[in-house]
Amino acid sequence: MFEESPKLELKREVTEGLKKEIIAFANTDGGEILIGIDDDGTVVGLANAQKELETVSNILRDSIKPDILVHTSAEIQTIKDKKVLKIEITRGSRRPYHLASKGMKPSGVFIRHGTSASAASDEAIRQMIIESDGTQYENMRCINQSLTFHETKRLFDAEGLTFGQTQQKTLGITNSDNYYTNLGLLLSDQCEHSIKGARYRGVTKLDFQDRKEFNGSVMKQVDEAFEYLQLHNATSTNFDGLHRKDTAEYPVFALREALVNAVVHRDYSFSGSILIHIFDDRIEIVSVGGLVQGLTLEDIELGISQSRNPRLANCFYRMKLIESYGTGLQRIKESYRDSENQPYWHVGPNSFVVTLPKVGIIDASSPESAGLMLWMEENDTFTSKELEDYLKKSKTYIRNKLESLLNDRIIERIGKGRATRYRKI
């Protein structure tokens, strides 16, 4: 007498439901299916066992992905003088197995629960992918296999680069089984991650002005987010004799490098967005995910590089959006070499914040400027001479500094002529 169990399924005949049962066993702990035996354990046999065996072979070959044949066997057996089909399934090594027609969605992925096959949850599917593919996000199979790449292809074409199936496999957008990976998801028009920008009046988040969100392929997001940053990067013009000198509020290279670094090195296993905060005195770019395990802030400042997403970094390198590996923070600092205010960064458990101060003005949150801000707080009013004595700078430098502080409404002027004093607003 036969009885169904978590490792044994009985079926009177071959039906569509057989696919679900095979998938469920392969995704769980394996098991056996006996076809030709009723639910109550009665052996009824098969009228044409050979034909049913061929049907099962076709199901295993064509209806289930990835290739499950190595984990299955099917044979005809005689039980109580009747022909029965026995299918043995072992736990698969490339889970989740799924209906080829449905993909890696709950409607196509099944697990064995007791004596029945049930749809797997999204979380169960993700866990199976991690167990099979490893924990490196960009190499894991993407649950969404209906991806398009219109924007990425357009950008590749603009650089004279081919973006065909061969190149997609070489880059790691598709794997050896022709599944799209999560790298493919990041570069696709269906990318689930985004960059969010916000602009504030003043130096705090109290007075919000506008916001912007960038979606689609991460390469498209970088393009559009950089344009957004440039819109708020005013240029001033000065003349040295007959020579004109244009100075941007922020070094263009620093904006570009900080943005690209945030996209390339973020931890995409988190769902949060990259954030851009634009203040009157600085820009903050917040990337999701702290440092790669084993690296310190000192390591990366010295140029030691270990990318969290090496394949994504390689795509950006091919697009010439990354010029050299491991020099990002050093080169951001170099772009500020002629500025009093210097960029700085903060590492949290799950975040990395790059702060870019405006060139030539006081950044209220900069460690380098904290002393001056505190000094102005402690002095109700002060003269240019008192500021000169405190900073130990020339009269010309102090005059320019005061003008910059006045223009950015950090201080205000009181009185006129020799009686002129200043105070922090």
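Predicted model: local features only at pLDDT ≥ 70, side-chain atom pairs only at ≥ 80, totals over all residues.
Lys80 counts as exposed, because its relative accessibility is 65%, and exposed means over 50%. Lys80 sits in the loop between β4 and β5, and its phi is near 55 degrees, a positive value in a residue other than glycine.

Although Asn178 is not a glycine, its phi is positive, at about 65 degrees. Look for Asn178 in the loop between α5 (165–171) and α6 (182–187). At 56% relative accessibility, Asn178 counts as exposed too.

Now to the prolines. The bond leading from Lys65 to Pro66 is cis, with omega near -15 degrees. Pro66 belongs to the loop between β3 (64–65) and β4 (72–79).

The peptide bond from Arg95 to Pro96 is also cis, and here omega is near 5 degrees. Pro96 lies in the loop that runs between β5 (82–89) and β6 (98–99).

## How α8 packs against α11

Helix α8 (residues 252–265) packs with helix α11 (residues 328–335) at an angle of about 160 degrees, and their axes are 9 Å apart. The two helices are therefore roughly antiparallel to each other, as angles over 145 degrees count as such. Their crossing is left-handed.

On the α8 side, the contact involves Phe253, Ala254, Glu257, Ala258 and Asn261; they meet Gly328, Leu329, Arg331, Ile332 and Ser335 of α11.

Key. Residues numbered from 1 in each chain as written. Heavy atoms only, no water. Axes fitted to C-alpha atoms, helices over the stretch in contact; angles between N-to-C directions. Helix = DSSP H or I, 4+ residues; strand = E, 2+ residues; numbered from the N terminus. Parallel < 35°, antiparallel > 145°, perpendicular 65-115°, else oblique. Left-handed = near helix turned anticlockwise from the far one by under 90°. Contact = heavy atoms within 4.5 Å. Buried < 20%, exposed > 50% of the residue type's maximum accessible area, 1.4 Å probe, protein only.
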